[in-house]
Amino acid sequence: MNVDELKSVAAAIVAQQKGILAADESNPTIKKRFDSIRLESTEENRRRYRELLFTAEGIERYIGGVILFDETLRQSSRDGTPFAELLSSRGIIPGIKVDKGAKALAMYSGDQVTEGLDGLRERLAEYKQLGAKFAKWRGVIQIDQHDIPSAYALHANAHALARYAALCQEAGIVPIVEPEVLMDGPHDMDRCEVVTSHMLEILFAELDAHRVIFEGILLKPNMVIAGMKCTHESNVRQVADATTRCLRRYVPSAVPGIVFLSGGQSAEDATDHLNAMNAMGSYPWPLSFSYGRALQAPVLAAWHGKESNVAMAQKVFFKRCQLNGLAREGKYNRAMEMDK
Ligand code: 13P
């Protein structure tokens, strides 16, 4: 393993105004997204959509890495250039989702654990050959009003994340470590902070026990935010305060970057929250984005599957990338949403 190479890949992904486009929706998930615009989820439509994203002009200024799904890593643009090569030629680092999704945790009704460790060493070797320089694994933590998540579920997910991260580093691939505390449900911000804190504390202990080198990972956490069905809404400043307090307490300063997931926030909220954190002060790590829905929802709505809308949808995408690039520096404000 070349630690300097891991560090330089991680640093390049979160350089200056840059963050990550999470375009690694599995086929069932992209089908849900396409259903929202009444587009059939065929292999060619998925390819056309990813091509729209990856060829948008100017995005390389704000997008340092793209997370791909297995199928997409094997696809090419219409001129025959493999997507990984196309992205690399633009200075955007290709990455790959390697987990196989969250499944019910046996004997712990309501908790989940992510699968995909079996055969992972061999899959990572192939993904490296195909051009992936970083990977992603998402642990999913559900909150309910009672005793979910269990302490055992946090441990099980932290353990799987750590085994995955060690295998990635062994293969010379930067692991994105994603412990997502879901925003579903009626819980308040305080509950989210308690669960997120507990998860991060256990996660870094497991990473350490698995001899993962903190300097060669990226952390992809949720923000500390109230559940979508919570009756007390949290304002931008409260989210920024609680999230940064939690991260300062539990994330070692050796970690080279924190890239938030958007988790169901609107595109504007996700940008605003990131901006507020960066405007408030400086931190031991760059605070950036690795958004899926918050970068893509407006693009899908503009595209609608139609060739004639591609140029407009690419402009919409560029603008979201740019606004998040500004949020990395604390220079975004909501009025910019109106700018053409
Ligand atoms: P969202 O930003 O839509 O939460 O997706 C990010 C991601 O990669 C989830 O694993």
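## The second largest pocket

Sorted by class, the residues lining the second largest pocket are five nonpolar, one polar and seven charged. Here Ala, Val, Leu, Ile, Met, Phe, Trp, Tyr, Cys and Pro count as nonpolar, Asp, Glu, Lys and Arg as charged, and the others, Gly among them, as polar. This pocket has a volume of about 320 Å³, and of its 13 lining residues, Lys-315, Val-316, Lys-319, Asp-339 and Lys-340 are the closest to its centre. Helix H12 (residues 310-327) contributes the most to this lining, with seven residues.

Pockets and cavities are found on a 1 Å grid over the protein atoms alone: a cavity is a set of points where a 1.4 Å probe fits but cannot get out, a pocket is an open set with protein on both sides within 12 Å along at least five of seven lines, and lining residues have an atom within 4 Å of a point. Grid points are joined across faces, edges and corners, and a volume is the space filled by probe spheres set on the points. Helices (H or I, at least four residues) and strands (E, at least two) are DSSP runs, numbered from the N terminus.

## About the model

This is a predicted model, in which local features need pLDDT of at least 70 and side-chain atom pairs count only at pLDDT 80 or more, while totals for chains, interfaces and linings use all residues. Residues are numbered from 1 along each chain as its sequence is written, and side-chain values use heavy atoms, with hydrogens and water left out.

## The largest pocket

Now for the largest pocket, with a volume of about 910 Å³. It is lined by 39 residues, and those closest to its centre are Thr-29, Arg-33, Lys-97, Lys-136 and Arg-138. Helix H2 (27-35) gives the largest share of the lining, four residues. Other elements that give two or more residues include strand S4 (102-104), helix H6 (120-129) and strand S7 (174-181). By class, the lining holds twelve nonpolar, ten polar and 17 charged residues.

## The ligand and its shell

The ligand sits in the largest pocket, meaning that more than half of its atoms lie within 2 Å of the pocket's grid points. Strand S6 (134-141) and strand S10 (287-291) are the elements that give two or more residues to the shell around the ligand. This shell has 13 residues, the closest being Lys-136, Lys-220, Ser-262, Gly-263 and Arg-293; a residue counts as near if one of its heavy atoms lies within 4 Å. The shell divides into three nonpolar, four polar and six charged residues.

A side-chain N or O atom of Glu-178 is 2.9 Å from a ligand oxygen. On the backbone side, a polar atom of Gly-263 is 2.7 Å from a ligand oxygen, and an N or O atom of Gly-292 is 2.8 Å from one. The protein covers 92% of the 300 Å² of accessible area that the ligand has on its own (Shrake-Rupley method, 1.4 Å probe).

Most residues other than glycine have a negative phi, and most peptide bonds are trans. Gln-16, in the loop between helix H1 (3-13) and strand S1 (19-23), has a positive phi of about 30°. A cis peptide bond, with omega about 10°, joins Ile-148 and Pro-149.

Terms used: A polar contact is a pair of N or O atoms within 3.5 Å; within protein, one must be able to donate a hydrogen and the other to accept it, and residues adjacent in sequence count only if both atoms are side-chain atoms.
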